[in-house]
Each structure stands twice: as structure tokens, then as C-alpha cells.
Amino acid sequence: MILTILKKDLKLYFSDKKGVLLTFLMPILLITLFAFAFGGTKGTSKSKPIELLVADIDNTSDSKSVLANLDSLSGITLIPKEVNEASDLVLKGKYVAVLIFDKGFQDSIIAGKSLPMELKYDAAREIEMGMLQGVLMQELMGAVGKKMIKSRMTSYFDTNYSAMNPAIRTKIFDDMDSDKVGVGSSMNSGMDLKMTSVIKEDSKKGNLGLIQAVAGTAIMMLLFSIAAIGGGLLDEKEAGTLKRLLYSPLKPTDILFGKMATAIIISILQLVVMFVYSWVVFDLPIFIDIPSLILMILATAFAVSSFGMFLVAIAKSRQQLQGLSTIIIMMMSAIGGSMIPLFIMPVFMQKIAVVSVNYWGIQGFYDIFWRGLPLVDILPKMGVLIFIGLTMSLISMRLFKKNLLRLV
Amino acid sequence: MIQVNNLSKSFDDIKAVKDISFTINRGEVFGFLGPNGAGKSTTLNMMSTIVNGDNGTIFIDGYDLSNHQNVCKQLIGVVPQEISLYDEFTAYQNLQFWGSLYKVPKTELKNKISEILKLIGLYDRKDDLIKTYSGGMKRRINIASALLHNPKVLFMDEPTVGVDPQSRNRIFEIVEALNKQGITIVYTTHYMEEVERLCNRIAIIDDGKIIAQGTKSELQKQSGVKEMVEICFKQISEKQLDGLRENLKLNIIKNENCLAIECDANKELSKIITASNSLDLEIVDLELKKANLEAVFLNLTGKQLRD
């Protein structure tokens, strides 16, 4: 008897293609995404080199030589920029850091003094920064450290052993280069790379983790809510009220836009409630830039609502919508940084993230709460969200006529 | 009021409506009678603007539907087969919403809602949620929702599906009341008794084609179906049968001790009984077989309406 029940249930289960898809495809997709996100892919595929801005104010043979050494590394690509422009680009999140060699870099090497060099970085790109720091320290210390020690020893020999045979002096320096004297590990003594976050830790600004949690979760949940609201159209189709709406003088697009307007209003309300809650409970500084926040909420609400409508327009029934929206929203959220912060993902995953609505929304909120950028610098991200919204609306309109209006 | 010429509609390879033409006069109740899948709803959907025909023309109150869709939408009200209401709204809220789509001014709409709720006998329940209504009550609100903008024509697509006999009667009364107010009604159904009770003229539709149309008596004539009296005797001899034939002058078919007599029962029944008595025939059973639409449909299509 149990076997009979088992057979029947398995037969029923496998006849539900959407159910099977959700059971197997969904976890496979998510595992793949998370594996990429955490860098757990097989093989030894090389990741793209990190782009590091450099501002060589010293502009001497020594500073150029150190930069040439760095540029020869496969993990780093150097991009020379003027210091202010470079700092601005890092502040806007375009590059991870800028390495600055200040005036007196060469003189300090010769004098064996502390070096006037600084690494200004974007703390929102923690993983890239960690990788960069490791490579940078090793190379800088190797190249600059030897120069400094040689310089100090030359000065010492000149003062105390001026009569030393030049051949012996050369032999000592050669052995140093091949590290036979074992100074490699101590070469960095007295050498510091000043690390400065371009975004000043400020009590008025938000905490990076909190911003990630609020913006990431808010946008993901918003997508689910909007898919559910849009699903009301499919319910209306099944209940027959959509047909009755079409008997009336309403145009089909009126129905779609009416539903979309509802979705936008609910989205705005949902985002406002989430931000106010985060302000009250977690001290998220929502009043830091009210105009930017309002515009960002509007742009996000529009993009997310249009995307929700797109999901509704491609589905033919409520059941289909549930399956589709779960898969697509989870994927978008995973790629776009709602589920895993983008800054801990490999660089190539960060590049893929731009296809997701979540990415543009989260980055926009980062710009407001973390980077503290002026409105003019956030406008491009809002523009992308509006573009996504318009594109999705146009596609939805076409699909709406094709799928939803096939009533008989 | 409505003029349909050579209307056709196909869905992929299925020809749902095949070159049909008919006229519906102002103020009449016009019935579309046919089995499920005959093409009634598709025809209604084309007349109510939500499906475009492949060929043919539809004129409503003189307006060509293909060129004056918005005008036609204001002229018609549609009662769909499904109960198309919002369960979470009250009856009043539903009516207010559906009325507002036709831009009926607020005060006028308020008065109209009250008037219609009284007509359908649900004024006292106007503030109850639709989900608390019985099936029959929902059907009545479904009808009311189509009347708020004072349509000249009301399309009713099987408005009594799934309702109890009492509610069905109530709906019939509503239809009759609306018709008395001057509204032209187009009524689709596969229930003969509804058409017989409500409709002035009828179109019988089957397999996408109108196979006959006219008043009930015109359809009877077209189909050749006549009323019959079926009478059975304890015993009947050939002599007695000849006597009856001579006396009644009617078409009589004998089957053992029973006779099927084609006649107008109202006029001839008493004459048949008197003649039988005069010939000492003992009647054991008597049945009146009316020439109803069921028989007409059977005769015209060769199949039962509910096949």
C-alpha cells in the first residue's frame, strides 16, 4: 500500500514541471551563484588584475622605478592620474584605491627616512582592498626597502670604512640583492604605508554593513512585494474582473498603468517605512541628504515596479508567476548584492552585477549614506534605474497585450 | 438596435463563428440558444468589443463598432458569465467602482446605485462584503454592475449558471423589469425554459452557425415540429380508429393501443376525448406533447441541447 501511495505521489510530483524546476534548478542556480560569489570555482582561472590609480607627485627616478616594478606585476594594472582626480574617482567608487608618492619620496629613500607615500582607498571594496594591500606591501617593501638599506649602508661605509675595497662593497650589495645575508625579512623595518579611507568615518554617516543590510534587503523584498501586487492582474484575469474592466471604456494600457501606479506607490511606502525603521532602530542617517534620498526612492520604486510588471506580463497564471518570480528575483538579488555584499564578491561577479536592478539601487543608497556624494554624482545611477523602468514598461505593455488580454 | 452582418471568428484552426448575420430590434429580448461551445459567447464578446472579428460588421444603434468602439461601450452593458466582482468590497463599493469607470457623475451614480439595488432587492445588504453573499445574490449584483451607466443594450451571458431555482426566478423578474424600462436585452443560454419564458425572438446557434432565427412560433414552423396529444386506450380496433379519423380529421399515427395525434391541444383536446367516448374507447393514459424549443432544436440540429 505504501508503495502504491509512493508511486502515485512521485508520478504527481514529476508531472508538475514547475515544482520539479523549483526543487532542482533553483538550488543549482543559487549554488552556482554563491560559488562564484565566494570565489569557489574550480580550476585556476586567473581573475582580472586590480586597477590601481597612481599619483606620482615626486616624479623622480626612484619613484618611477618603484612604479615600474609594480606595473610589471600580473595582479595589478597601474593607471596614472592627477592626485585630486584620482581621489575623487576612488570616492565615487570607480576605483578601489590611489597610491600617492609625495614630494621627497626619493630624498627620503636616500636619507633612510620614513617615506611620504599614502594609499587612499574605498572601504566599501574591502575584498579587493585586502588583495591589493597584500601585493602592494610585498612589492613596495621589496623594491623600496632594499634601496633604503643600500642607501643607509653606503652612507655608513663612506663614514666609517672609506678605504674599503670597492669590489667587496659591490659583493656585499650583490649578496643583499640575492638575499644571501637574510635581510629580506627585515627590509620593511621603519617603513610604513599610510592607509587612508577616502570616506571619512563620520558619526553623521551610515555604517557600511547597516547600509548593505537595509538597502539590499529592502530592494529584494520590494521585488517580491511588487510581483505579488502585479499578480493581482492574473487573479483578476482568473476571476473575470479583468474581462469586465475591458468591457468598460478603459484602454488595456490604462489597466496596466493603473496597476503599475499602485505598485509604485506601495514601493515608495515600503521603502520609506524600511528607511524610517532603520533610522529609529539602527540610527541610519536618513536625513543626511533628503533630496537625493527622495529621488533615489522614486527611481528605485519605478524600476522595481516595472520589473515586477514585466514578471507579471511574461507569466500566464498565478502559479507560473510564483515560480518565475522566485527564480528571477533570487538570482537578481544574489547577483546584484542583496544577498551577499558586492564588496566581498570577486571582481568579475561585481561586473556582472550591473545587469541587476538591485545593484543600481544598492549602489545609489551607498552613494547617499556611505560615500556622501552630491546629488549630481548619484544622478547617473538614478538614470540607469529610470532607463530600466522605461524599458521594462515598454516590454510589459507588449507582453500584456499578447498574454494577459487573451481572454477567450 | 443591433445589426450583425457576415460575422466570423477563428481561434487558430478552430472556426468559432462562421459567417453569421442577424438583427436585434430595439426593446426586444433576443435569445441566443445553443449548446456549450456553439459560439454564443464568442459572438457576445465580439459585440461587446473585447474580441475583434475576422470578417463582418457590427452596428449598435447605428454606430459601426469597429470605428466607434468608445461610443458603443457607453451604449452597452455586459453581464459576464463569471461573477466578476471584488469579494473584499461591499456591494455598494463594487457598484461605485464599476459605475465610475463610465464616468457617471457622483450624485447621479449614487442615486442610480440605490435605484438598482432596490430593483434587485439587495438595498438592505448594500454594505455587506460580496464574499458574504450567496451565489444567487452575487449574480444579481453582477447584473446590477452592468446597469450603472444606463445602457441601451444589455448583453447577458448565461446569467443564471449555477443558481438555485428561486434565485433564477428572481433574475427572470429582473430581466423582465429591465426590458419593461426599454432596455434591449441579448440573452445567451443553453436552458430552453429561460428562452421560452424571456425572449421575443431567438437565434439557434450550433457549431458557429445560426441555423434558425425568429419568434418561437416561427421557429416551430421552420422546424416542422407540431404539438401532439398522445392517447392510449385499453384496446382499439381498426373500425374504431377509422371512426376517430373520420370524426377528428387530424393526422393520427397508431402504435399498438396508443395514438399520436398532431393538433393544437388547446382547441382539439376536448374534441378528441368526446370522440373517444362516443366510440366506447376506454382511455388509460393521455399526454400532451408540446412543440417546445427542445423539440425544435432536436429537429433542426439532430442533437439534444445538452449534448
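Q: Which strand does β9(B) pair with in the parallel sense, and over how many bridges?
A: That's strand β3 of chain B, residues 29-33, and the pairing runs over four bridges. Bear in mind that this is a predicted model.

Q: OK, and who stands opposite I202(B) there?
A: G31(B) stands opposite I202(B).

Q: What about β10(B), is its pairing with β9(B) parallel or antiparallel?
A: Antiparallel, over five bridges, with β10(B) covering residues 209-214. One of the bridge pairs is A203(B) with Q213(B).

Q: How many residues sit between the strands in that hairpin?
A: Two, and D207(B) in this hairpin takes a positive phi near 55°.

Q: Is β9(B) mostly covered or mostly open?
A: Mostly covered: five of the six residues in β9(B), which spans 201-206, are buried.

Q: Switching topic. Which residues have the most contacts inside the largest nonpolar core?
A: A97(A), V98(A), F155(B) and V186(B), in a core of 164 residues. Helix α11 of chain A, residues 290-314, gives the largest share of this core, with 14 residues.

Q: What does F155(B) touch, leaving out residues up to four places away in sequence?
A: Seven names come up: L44(B), M47(B), S48(B), I76(B), V78(B), V79(B) and V186(B).

Q: And which residues are in the second, separate core?
A: That one has six residues, including M228(B), V229(B), I231(B) and I272(B).

Q: Now the two chains. How many residues of each are in contact?
A: 12 residues of chain A are in contact with 15 of chain B. On the chain A side, helix α9 (residues 241-247) gives the most, with five residues.

Q: How do the residues on that side of chain A divide by type?
A: Seven are nonpolar, three are polar and two are charged.

Q: Why does P165(B) count as exposed?
A: Because P165(B) has 9 C-beta neighbours inside 10 Å, and a residue with 12 or fewer is called exposed.

Q: How far is P165(B) from G136(B)?
A: Their C-alpha atoms are separated by 9.4 Å, with the two residues 29 apart along the chain.

Terms used. Residues are numbered from 1 along each chain as its sequence is written. Chains are lettered from A and ligands numbered from 1 in the order in which they are written. This is a predicted model: local features need pLDDT of at least 70, side-chain atom pairs count only at pLDDT 80 or more; totals for chains, interfaces and linings use all residues. A residue is buried if 20 or more other C-beta atoms lie within 10 Å of its own, exposed if 12 or fewer, and partly exposed in between; C-beta atoms are placed from the backbone. Two residues are in contact if their C-beta atoms, placed from the backbone, lie within 7 Å. Ala, Val, Leu, Ile, Met, Phe, Trp, Tyr, Cys and Pro count as nonpolar, Asp, Glu, Lys and Arg as charged, and the others, Gly among them, as polar. Two strands pair if DSSP finds at least two bridges between them. A nonpolar core is a set of buried Ala, Val, Leu, Ile, Met, Phe, Trp, Tyr and Cys residues joined through C-beta atoms within 7 Å.
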